[in-house]
Amino acid sequence: MKNILVIGESCLDVFHYGECHRLTPEGPVPVFNSIGYSSNGGMAMNVYDNLKVFSENIDIHTNKNWKNIKKTRFVEEKSNHMFIRLDENDDKYGRINLQQIDFSKYEAVIVSDYNKGFLTEQDLLDISLSHDQTFLDTKKTLGEWCKNFTFIKINGVEYEKTKHLLDEDIRKILIVTQGSKGCFYLDKHYEVPLVEVKDVSGAGDTFLSAFSYKFVTTGDVDKSILFANECATKVVQKRGVTTI
């Protein structure tokens, strides 16, 4: 099996877990006492890390400064309530150079586009035309530029914002995830079991990774969606941004 390539912008996800027992005397603000800490690659790097669970033949093309672009969450340990998220260097992702990539080395290309300026619509169009097996998860409003991807995954909120712009070419390659309600592909609904959800952060990355890998290895859409649902269901039962 040839390598799979992940393309997209990445960051460092940081979680501080702690306790709050009082308000600061300066104002009605909780005093957060940190008792635990975790960090991991986020966004495209999380897609990459999930894929590495399935295979060692995974490459990534992302921004080299991803560890300096941080999303830091402060979370109450017992309730799992997030008090605040602090983003650092969110405007420092830079731009991709597609000319550096030899697409012929790969069996599939997976794009995780968080719409931070790293990838333009033209870049995404070029990627979709550079390989015959491409998978896209994007925060951009869908349009003519995306119709050549093999599959596109978006969540329900994103779908509601863009559904009026979709033509038949896009609808037939679109998978819409809806959290605890499962997902839709064409006219078929794929349910998921009811579980205790601790954190949905990164669940979309897991779904994209699992679906893409399963489809590359089997070519079966149904099996790939069911596998992706199973994997995403596992990660939402864990805290933070996690792999399968």
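Which residues line the largest cavity? Let's look at some close-ups of this predicted model, where local features need pLDDT of at least 70, side-chain atom pairs count only at pLDDT 80 or more, and totals for chains, interfaces and linings use all residues. Residues are numbered from 1 along each chain as its sequence is written, and side-chain values use heavy atoms, with hydrogens and water left out.

**View 1. The largest cavity and its lining.** The lining is made of F135, L136, F151, I152, K153, I175, F207, L208, F211 and S212. On a 1 Å grid over the protein atoms alone, a cavity is a set of points where a 1.4 Å probe fits but cannot get out, and lining residues have an atom within 4 Å of a point. The space inside is about 40 Å³, counted as that filled by probe spheres set on the points. By class, 8 lining residues are nonpolar, 1 is polar and 1 is charged.

**View 2. Elements around the largest cavity.** At least two lining residues each come from β8 (134–138), β9 (151–155) and α5 (203–218). The biggest contribution is that of α5, with 4 residues. Helices (H or I, at least four residues) and strands (E, at least two) are DSSP runs, numbered from the N terminus.

**View 3. Helix α5 and its end.** From first C-alpha to last, the 16 residues of α5 reach 22 Å, close to the 22 Å expected at 1.5 Å a residue. In α5, 12 of the 16 residues are buried (under 20% relative accessible area, 1.4 Å probe, protein chains only), including F207, L208, F211 and S212. Just after α5, look for G219, with a positive phi of about 70°.

Definitions and conventions:
1 Å grid on protein atoms, 1.4 Å probe; cavity = no way out; pocket = protein on both sides within 12 Å on 5 of 7 lines; lining within 4 Å. Nonpolar A, V, L, I, M, F, W, Y, C, P; charged D, E, K, R; others polar. Expected span 1.5 Å × (residues − 1). Buried < 20%, exposed > 50% of the residue type's maximum accessible area, 1.4 Å probe, protein only.
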